[in-house]
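Dear colleague,

I am passing the structure below on to you, and my notes on what was found in it come after it. Please read them with the model open.

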Amino acid sequence: MRRNWDESNIRVRPNKKGSRPRTKDRPSYKDAEIGRIITVDRGRYTAVVDEGSPTERTLTAVRAKELRRNPVVVGDRVALVGDTSGQEGSLARLVRIEERDTVLRRSADDTDPYERVVVANATQLVIVVAAANPEPRTGFIDRSLVAAFDAGIRPILCITKTDLKHPQELLDYFAQADVRIVLSESRDGRAPSEEGSQGLSPNLVETISSLLEGEVSVLLGHSGVGKSTLVNALTGSTRDTGHVNAVTGRGRHTSSSALALQPQDAPADTWIIDTPGIRSFGLAHIPAENIVGAFTELAPASAGCPKGCSHSRTAAGCGITAFVAEGKAGASGPARLDSLRKLLGVEENPEVGSEKELGIVE
Ligand SMILES: Nc1nc2c(ncn2[C@@H]2O[C@H](COP(=O)(O)OP(=O)(O)OP(=O)(O)O)[C@@H](O)[C@H]2O)c(=O)[nH]1
Ligand SMILES: [Zn+2]
């Protein structure tokens, strides 16, 4: 059964005439201020109101009863009432979640379709992997691409540590796929955390910054790939203190699973959402056609499949299988199709098919 935590699941019962509920059931909160949620921490929400205006404030809020069980997540735009001064000790009341443009979701794993909203209103998913140390895993990247496709947000693959190794295999693997790839490396080939290292070059940081400008970008990556290095270079903050407008005074590693940061000198609508608690996406809630759809170079070939085709190795008349066999998906076609089958759960060889790398933590 598909269960949603999304607000779309909560329906307001129409009154007898079938019209909208009476006004008295729908407080309008005309004086409410609209803010963006930047952290969620044990029932306390941190929001920035009036982004980019001279009166920009970061404030703490608690949810109002009328929100019922609707989760409020990082990236949400919310209506706030009560004490919205943002002064120390002040507490606002969060009374409404504005309609979301996008919703990035995940399941706990690939079998339990119980899904959660990870981040709202993101426009890009930046998948960060290292060229080496740790070795990149295409399965993880493909899985993340599926999550982005399902959410309708643009994926960007950022390959770090290219000073250690040129990521030729990865570039070949994604040669036919519709995904933007950015390479990042430290200037002098030394780990940026090393004493005396020159870190990332200003040009590189500028290139990446321009990709993020005006976007709400979710950064996702395994531990050690250089995500903090990147976030720090982009936001001008230092590790563990990376923050926004220096107002909340909280470190990066709160118990929250995501945190929105604002790069220095970026337009007010530019946000980077770091996801320290999320290592990968379970895909159980995603329909098969969206898993196929994320494999952009293979998906069109599914038009030639019989109805309900599993796209497995033995599926009769599978258009994708034929497309790849004819070499039309390029040299990486067979490897991409193997990966697609794993994510679809139709890989006959369980040795290959088991994807036990999820390691999702909260
Ligand atoms: N050679 C090289 N090392 C890098 C590069 N980027 C990051 N590193 C090093 O890789 C190590 C991990 O980088 P972090 O930025 O802490 O990685 P992270 O992904 O944030 O890891 P967690 O904080 O564990 O989530 C550090 O020693 C960095 O200095 C790079 O481009 N080249
Ligand atoms: Zn097929």
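Two residues are taken to be in contact if their C-beta atoms, placed from the backbone, lie within 7 Å. This is a predicted model, in which local features need pLDDT of at least 70 and side-chain atom pairs count only at pLDDT 80 or more, while totals for chains, interfaces and linings use all residues. Residues are numbered from 1 along each chain as its sequence is written, with chains lettered from A and ligands numbered from 1 in the order in which they are written.

With that contact rule, and not counting residues up to four places away in sequence, Ile273 touches Val74, Gly75, Val119, Ala122, Val216, Ser217, Val218, Leu219, Ala258, Leu259 and Ala260. Of the contacts in the protein with a separation of 6 or more, 64% are between residues 24 or more positions apart.

The secondary structure comes to eight helices and 13 strands, where helices (H or I, at least four residues) and strands (E, at least two) are DSSP runs numbered from the N terminus. The domain assignment, which is automatic or taken from a database, gives domain 1 (32-97), domain 2 (103-274) and domain 3 (296-353). The centres of domain 1 and domain 3, taken over C-alpha atoms, are separated by 46 Å.

Buried residues make up 40% of the 362 residues; a residue is buried if 20 or more other C-beta atoms lie within 10 Å of its own, exposed if 12 or fewer, and partly exposed in between, with C-beta atoms placed from the backbone. A nonpolar core is a set of buried Ala, Val, Leu, Ile, Met, Phe, Trp, Tyr and Cys residues joined through C-beta atoms within 7 Å. The largest such core has 87 residues, of which Ala47, Val74, Leu104, Val119, Leu125 and Ile273 touch the most other members. Helix 1 gives the most to this core, with eight residues.

Helix 7 (residues 333-344) has 12 residues and, at 1.5 Å a residue, should span 16 Å, which agrees with the 16 Å between its end C-alpha atoms; the expected span is 1.5 Å times one less than the number of residues. Its buried residues are Gly333, Arg336, Leu337, Ser339, Leu340, Arg341 and Leu343, and these pack against helix 1 (138-151), helix 5 (288-294) and helix 6 (319-325). After helix 7 comes Gly345, with a positive phi near 75°.

An unreviewed UniProt entry annotates Cys305, Cys309, His311 and Cys318 as "binding site"; UniProt positions are given in the numbering used here, feature names are shortened, and annotations may be inferred rather than shown by experiment. Cys305 lies in the loop between helix 5 and helix 6, and counts as buried because it has 20 C-beta neighbours inside 10 Å. Cys318 is found in the loop between helix 5 and helix 6, and is buried with 22 C-beta neighbours inside 10 Å. Leaving aside neighbours within four places in sequence, Cys318 touches Cys305, Cys309 and His311.

Some backbone details may deserve a look. The peptide bond from Asn133 to Pro134 is cis, with omega near 0°, and Asn133, in the loop between strand 8 and helix 1, has a positive phi near 55° although it is a residue other than glycine. Asp265, in the loop between strand 12 (259-261) and strand 13 (271-274), has a positive phi near 65°, and is exposed, with 8 other C-beta atoms within 10 Å.

With best regards
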